Amino acid sequence: MAGEGKALTLKGIAASPGIAGGPVYRLEAQELQFPTHQVPPEGIPEEIAAFHRALEETGEQLETIKEQVAREVGEDKAAIFGAHQLVLQDPALVDEVENRIRQGTNGAQAIAAVVSELEEMLAQLEDEYLRERAADIRDVGNRILRNFLGVAGPSLTDFAEPVVVFARDLTPSETAQLRPDRVLAFATVTGGRTSHAAIMARSLEIPAVVGLGEELVAGLSRAREAIVDGTRGEVILDPTPADWAEYRKRKEEYQEYARRLVSLRELPAQTPDGHRVELFANIGSPADLPGVEKVNAEGIGLFRTEFLYMDRTSLPTEEEQFQAYREVVEKLAPRPVVIRTLDIGGDKELPYLGLDQEVNPFLGWRAIRYCLDRPDVFKVQLAAILRASAYGKIRLMFPMVVSVEEVRRARALLAEVKAELEDRGEAYDHQLQVGIMIETPGAALTADILAREVDFFSIGTNDLVQYTLAVDRVNERVSQLFETFHPGVLRLIKGVIDAGHAAGIPVAMCGEMAGEVRATPLLLGLGLDEFSMSASSLPRVKQVIRSLSRRDARQMANHALGLNTAGEIKAYMERCLENLNLEQSG
Ligand code: PEP
Ligand code: MG
């Protein structure tokens, strides 16, 4: 497969690890041609009926895709198509298209116009979640339009030989067609690590690089073959023979690395000198459980419960919550599940609660503050969690604590709920452990005092970094200042672990730092007991733990804590990892 002329290497975002190369297939956005005529009054009923047939056909196609993705990739990845089905019933779409047809606009034009207006409206919203829905509307809208016109969409499965796909972006509908035996890898102009296409690529183990920018468009005009290195975030267009040789070497290394990660599944997270830690997973809903099983996590270290409260119009009932908690707890038993109570506010809004807009929502009425002020809401959740605790091993955790008073008030409400459950004759775990997240400097600096009030700590570095460095975690303008390895953050972490241990309670971490391999030797050296992270990060963290003695980790942590800047600390940690001789740790 020798390339012609000079190869072009592009850098993008490493979205799904692995490396693959082959012939290029460009997925072009097809401009749909549609009629521009007006519909005469007598033709209007038929035009509206045709629109409804297109909606119905779209609904059936989405159902098929949803079932297929659920079967082949997982329920959680299929959920997006359920959301797409809901769009088909949205009056903002259906009624508005009908209105326009009644005014004489033909169906295709009416659909295209309404979809594009809805998309534009969503794209301008502040809320990132709602902004992302613009792409969903576009995807479903296109599907309805195609069905209305009777035009087939692009196929990503009919290739004579497997290909590397290039696209501006991949819609969920296109992503659902990806098959590892047909699509070797893909690269896109837009998108980030958390875009739907990136998440699917990781599930399907298809190497992918996203966010390559306009350079990809420019470079593609002549490219016939390409190599996509999803581990490094690199794309080579028209590789030279030397590039292909390097490619084969990297591919072999990656395959060996992937084999070793799989073989780690059954092995304990234990250092060569016998120090054992626990590796847990974070989940946002029961749909994340298959990923947890895949890596064989020893428990759930953070079950974010906000999902139960989102995408709805009123608060979930005790029974609804109980069912969801029980499902997770039973599936995990006898392994523990740390359930965190409601953490709304900040970047997570619940429109139906009608909370006022705040100037500084991250410093405002959020998480435990809201719950303590609204015992009517909080006690329902506590009752549901307590009832689920009869079915497995639950640990209860309060978020965003800053003071001892908050812990005492929360525990007092918990005691009230226990008494009420006893009156109702409901069972619960009388040994239920209660812990807090340490995610504010106020809590970290008083960890010795707080440790006397609770059974465990879990350090939430996402917020701890935000509050320690005064850097809004969702403001892109200051994202380069969001520095997990800041010496101040490390000192706080050390203080929390030491205070927890002095009081005889275990200390966990469930912020993103727990899944960051550069931090693994440091956290191990500081004595962290439990690391909880997204399931996909777990094998690599385990690999580092299994290659590093506790003694060396301690020395590394001591050295890192003596350095002056985050840059120095990260460079040092990278050197430590290199010396561990972990192949392909990227
Ligand atoms: C954290 O703050 O580190 C954390 C785990 O909580 P969340 O990201 O849900 O705020
Ligand atoms: Mg937090």
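How far is an oxygen atom of ligand 1 from a polar backbone atom of asparagine 462?

Mentor: This is a predicted model, and every value below is computed from it. The distance you ask about is 2.7 Å, between an oxygen atom of ligand 1 and a polar backbone atom of asparagine 462. Arginine 340 takes part through its side chain instead: one of its polar atoms lies 3.0 Å from an oxygen atom of ligand 1. On its own, ligand 1 has 290 Å² of accessible area, and the protein covers 98% of this.

Let us now consider the surroundings of ligand 1. The shell consists of 14 residues, and the closest are Arg304, Glu439, Gly460, Asn462 and Arg473. Sorted by class, the shell holds 7 charged, 4 polar and 3 nonpolar residues. Two elements give two or more residues to this shell, namely strand E10, which spans 300–304, and helix H17, which spans 461–469. Helix H17 provides the largest share, with 3 residues.

Next comes the magnesium ion, which is ligand 2. Its protein donors are Glu439, through OE, and Asp463, through OD, and they lie 2.1 to 2.2 Å from the ion. Glutamate 439 sits in the loop between strand E13 (433–438) and helix H15 (441–445), whereas aspartate 463 belongs to helix H17, so the pair ties together parts that are 24 residues apart in sequence. Please note that Glu439 is also among the closest residues around ligand 1.

The protein chain is divided into domain 1 (8–28 + 154–256), domain 2 (42–149) and domain 3 (264–579). By these bounds, helix H17, at 461–469, falls within domain 3, at 264–579. Taken over C-alpha atoms, the centres of domain 2 and domain 3 are separated by 38 Å.

Terms used: Residues are numbered from 1 along each chain as its sequence is written. Chains are lettered from A and ligands numbered from 1 in the order in which they are written. This is a predicted model: local features need pLDDT of at least 70, side-chain atom pairs count only at pLDDT 80 or more; totals for chains, interfaces and linings use all residues. Side-chain values use heavy atoms; hydrogens and water are left out. A residue is near a molecule or strand if one of its heavy atoms lies within 4 Å of it. A polar contact is a pair of N or O atoms within 3.5 Å; within protein, one must be able to donate a hydrogen and the other to accept it, and residues adjacent in sequence count only if both atoms are side-chain atoms. Accessible areas come from the Shrake-Rupley method with a 1.4 Å probe; for residues, only the protein chains shown count as cover. Helices (H or I, at least four residues) and strands (E, at least two) are DSSP runs, numbered from the N terminus. Ala, Val, Leu, Ile, Met, Phe, Trp, Tyr, Cys and Pro count as nonpolar, Asp, Glu, Lys and Arg as charged, and the others, Gly among them, as polar. Donors are N, O and S atoms within 2.8 Å of the metal (3.2 Å for Na, K and Ca); water is not among the atoms, so sites may look incomplete. Domain bounds come from an automatic or database domain assignment.
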